[in-house]
Amino acid sequence: MKMKGAQILIELLKKEGVTTIFGYPGGSVIDIYDALYQAPEIKHILVRHEQAAAHAADGYARTTGKVGICMATSGPGSTNLVTGLANAYMDSIPIIAITGQVGTRLIGKDAFQEADTTGITMPITKHNFLIKSIHELPLIVREAFLIASTGRPGPILIDIPKDVQTAEVDFNYPEKFEIPGYKPTYRGHINQINMTAQAIKEAKKPLLYVGGGVIASGASDILLEFAEKTDIPVTYTLMAKGAIPEDHRLSLGWLGMHGSYHANKAIMNCDLLIAVGTRFDDRVTGNTATFANRAKIVHIDIDPAEIGKNVKIQIPIVGDARNILNELNKRTETKKHDEWLQTIEKWKKEYTPKPSANNELVAQTIIESVYRATQGDAILVTDVGQHQMWAAKHFLCHQPRKWASSGGLGTMGFGLPAAIGAQVGNPDQTVVLFSGDGSIMMKIQELVTAVNNCLPLKIFVLNNNYLGMVRQWQECFFDCRYSSTHIINPDLANLAQAFGAEGIPVQNQEELDKAIQRALEVKDHPVLVDCRISKETNVYPFVPPGKSLDEMILE
């Protein structure tokens, strides 16, 4: 049966199990949208800016474990996806971006709304494709889903010229296929696994340091089993929040620039560091010359390019985190590290950030109040800035895929569209977004997307009229010269009402409690709670950029 390229694309998406696309139409994807109009099995979420489509697909993927799909037209449509693709690439999130392109005969001739989309996105995608013939379409779509979701996950882009969308051909679904040269390594080398087991046997002060790869591989359960059996404490990156229940006795919280005091102390004093599914990001390591410099370091990662890239490794293991932790679990004996854990417990008691000295509403109190009200049973999404750090500290996650935040790229404006994607992918769960007044204004127009789709997002804006994290750096390193970080906002509660959402201003604890209660009882529209917080509160502890983890500023 002959079908147009646009129809074939939709049939392929259905076969891959796609039920949701986040996108924005335009001339070069109008044929795909026409085919989509006739496919009620796939829901299309119309965003108000293409960048939001990529972030929504990202939030959907992070919280469901499925591949997120976004779509945009050629030229400015595809270039507006770039930030979202870079964000997904840095955090290894599997999304597929489908973009329209001018007709093949016009490519390279500066046609209307032409951009070299594959050239532009090459450094920020795991792979991308420019389809030049309708005959390539079925195999490329199948390859795209395989590459996005296997090995180290990541974003894929498929650029489809307009004449490919309108050409006709008999549709044949490629049931079996393989990609020459693409063979991710899932099983670690047995000798290196045995060396790690021996190192664990000999270690007195071992430490697990885990990243988003643990969640991507579905290794949280085996990680907990392994940590409990060997009695090894666990610290983690922001990407791995929820990989181990954060109230577990072996959980040290997250580490790095704004990580917990005792986790950073443990890193600097351990004698064996087992890093799993993480890339030794500079916000985690600080000065790499001193990072874990008393420890033998094991690095487990599915991407061989990450091994030894930032930190010198003694035992490298390339493979899937779940498989390797499972093998290590079989090869290690039950152990106790009472003395080491007591030392860490002493560090825990040694430092606690001081509460605010005045009666102003502070971010920490707001986040803890929301945590108590939800009993931690929510998907937590954040934007980027001080509120992100406070949310990570004060809202504990007890399961994987309950936390969505921009880690590597640090993208302000990520939060609201990612929360939309999380709510669409998890309609029966409570989705809470913490944002700052700077971040929320970058994508505030997506409130109408949430309203149009009856999404009951609980949005808490920690509003201090500052670009808070930059202001904190200006206070610490630039003698309080607050250059362009004081911001004057519109009335956010009224603005939310203008978009059709519910807006509630909050100035004190009593108003906050009522607002939280109201937000949690609403089931059919978003609620934005504008929390006017203390203006110059800082995030502590704080490791200055490039400094060692034991050079924390504590207050």
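Biologist: Start with T196. Buried or exposed?

Modeller: T196 counts as buried, because its relative accessibility is 0%. Buried means under 20% relative accessible area and exposed over 50%, with partly exposed in between (1.4 Å probe, protein chains only). Note that this is a predicted model: local features need pLDDT of at least 70, side-chain atom pairs count only at pLDDT 80 or more, and totals for chains, interfaces and linings use all residues. Numbering runs from 1 along each chain as its sequence is written, and side-chain values use heavy atoms, with hydrogens and water left out.

Biologist: Which element holds T196? And what does T196 touch?

Modeller: T196 lies in helix α9, residues 190–202. Helices here are DSSP runs of H or I, at least four residues; strands are E runs, at least two; both are numbered from the N terminus. Not counting residues up to four places away in sequence, T196 touches V298, I315, I317 and L328. Contact means heavy atoms within 4.5 Å.

Biologist: Switching to α15. Which of its residues are buried?

Modeller: W340, L341, I344 and W347 are buried in α15. They sit on the same side of α15, because they cover an arc of only 110° around the axis. That arc is taken from the directions from the helix axis to the C-beta atoms.

Biologist: What do the buried residues of α15 pack against? And which residues are exposed on the other side?

Modeller: The buried ones pack against β9 (206–210), β11 (251–254) and α12 (261–269). On the other side of α15, E339, Q342, K346 and K349 are exposed.

Biologist: Now the largest nonpolar core. Which members touch the most others?

Modeller: L208, V210, I274, V276, F434 and F460, out of 67 residues. Helix α16 (residues 363–374) gives the most to this core, with five residues. A nonpolar core is a set of buried Ala, Val, Leu, Ile, Met, Phe, Trp, Tyr and Cys residues joined through side-chain atoms within 4.5 Å. Apart from it lies another core of 46 residues, among them A57, A86, A418 and V431.

Biologist: Last one, the whole chain. How many helices and strands? How much is buried?

Modeller: The chain has 23 helices and 20 strands. Of its 555 residues, 59% count as buried. Its C-alpha atoms fill a box of roughly 70 × 60 × 40 Å along the principal axes.
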